[in-house]
Amino acid sequence: MGKLSVLRDTIKAHLLLQIQNGKLQVGKTINLAALSRATGISVTPIREALSQLEQAQVLQAVPNRGFVVAKLSKTEVKNLIEIVAQLEVMALEHVEFNADEMDVLGQLQSKMEMVDSLAEGLTARFHFHNHLVQHCTNKVLLQILKDLKLRLHFYEYDFIQDFDFFKKLSNQTRSVVEAIEQDNVPTAALILRMHWMSILEHIEGQINLKKG
């Protein structure tokens, strides 16, 4: 079972890398046999990984086509970001940060600020947000949040294409880190909620542009 879990995670990481490289976009069909050839992993764990991603609503199973990267409507994007914002703030309020944790969080924040490309930046951002709440005492909350953020990750690559906007997001997370360092979690939570609302506003604007 342990080996199967590792293989599933390998497939998920591979798919995220394909998103970063622009090879896997919203609406694109995932070819199971081609994925097996590309990764050297047998079809069974790949199918399990894809089924998990379907349960997380990242992928959609389409008859006679296989798995497709699911599309989101503007309403779904709004709902998804609002839920992620609520849950991540809730998780943040149930984390106790020690000095080592703060060091790692600071390093991840610095990495976000030093990236040269949006693909690198969005990957660094994904790691930052996962680390921010990984020691939340509510593990059920964490699992739900992890699945939702994986789905949202697809859309950040699709809709966050402005490096200046990404820098604005990095400034906001820097303020979150500084508030936690000052042992002021309520302020950190407030900034974090504002951070997600900035993303919501930006992505809604991008959806309107693409529709136009």
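Me: How do helix 4 and helix 6 pack?

Reply: Helix 4 (residues 74-92) packs against helix 6 at an angle of about 45°, and their axes are 8 Å apart. That makes helix 4 oblique to helix 6. Axes are lines fitted to C-alpha atoms, for helices over the stretch in contact, and angles run from 0 to 180 degrees between N-to-C directions. Angles under 35 degrees count as roughly parallel, over 145 as roughly antiparallel, 65 to 115 as roughly perpendicular, and the rest as oblique.

Me: Which residues meet there?

Reply: Glu88, Ala91 and Leu92 from helix 4 meet His129, Leu132 and Val133 from helix 6. Contact means heavy atoms within 4.5 Å. The residues of this contact divide into four nonpolar, one polar and one charged. In that scheme Ala, Val, Leu, Ile, Met, Phe, Trp, Tyr, Cys and Pro are nonpolar, Asp, Glu, Lys and Arg are charged, and the others, Gly among them, are polar.

Me: Before going on, what am I looking at, and how are things counted?

Reply: This is a predicted model, where local features need pLDDT of at least 70, side-chain atom pairs count only at pLDDT 80 or more, and totals for chains, interfaces and linings use all residues. Residues are numbered from 1 along each chain as its sequence is written, and side-chain values use heavy atoms, with hydrogens and water left out. Helices (H or I, at least four residues) and strands (E, at least two) are DSSP runs, numbered from the N terminus.

Me: What about the length of helix 6, what should it span?

Reply: Helix 6 covers residues 118-133, and at 1.5 Å a residue its 16 residues should span 22 Å. The end C-alpha atoms of helix 6 are 23 Å apart, which agrees. The expected span is 1.5 Å times one less than the number of residues.

Me: And helix 4, what are the numbers?

Reply: The 19 residues of helix 4 should span 27 Å, and its end C-alpha atoms are 27 Å apart, which agrees.

Me: How many residues of helix 6 are buried?

Reply: Twelve of the 16, so helix 6 is largely enclosed by the rest of the structure. Among them are Leu122, Phe126, His129 and Val133. Buried means under 20% relative accessible area, exposed over 50%, and partly exposed in between (1.4 Å probe, protein chains only). In helix 4 the buried residues include Val77, Ile81, Val84 and Glu88.

Me: Arg125 next. Where is it, and is it buried or exposed?

Reply: Arg125 is in helix 6. It counts as buried, at 2% relative accessibility.

Me: What does its side chain pair with?

Reply: The side chain of Arg125 makes a polar contact of 2.8 Å with the side chain of His195. A polar contact is a pair of N or O atoms within 3.5 Å; within protein, one must be able to donate a hydrogen and the other to accept it, and residues adjacent in sequence count only if both atoms are side-chain atoms. Not counting residues up to four places away in sequence, Arg125 touches Met112, Glu156, Phe166, His195, Trp196 and Ile199.

Me: Changing topic: what does Leu152 touch?

Reply: Leu152 lies in helix 7 (residues 139-159) and is buried at 2% relative accessibility. Leaving aside neighbours within four places in sequence, Leu152 is in contact with Leu80, Ile81, Val84 and Trp196.

Me: Now the loops. Which residue has a positive phi of about 60°?

Reply: Asp183, although it is not a glycine. Asp183 sits in the loop between helix 8 (163-181) and helix 9 (185-211), and it is exposed, with a relative accessible area of 67%. Asn64 has a phi near 70°, a positive value in a residue other than glycine. Asn64 lies in the loop between strand 2 (59-62) and strand 3 (66-69) and counts as exposed at 86% relative accessibility.

Me: Last one: what does the side chain of Asn138 reach?

Reply: The backbone nitrogen of Leu141, at 3.0 Å. Asn138 is in the loop between helix 6 and helix 7 and is partly exposed, with a relative accessible area of 36%.
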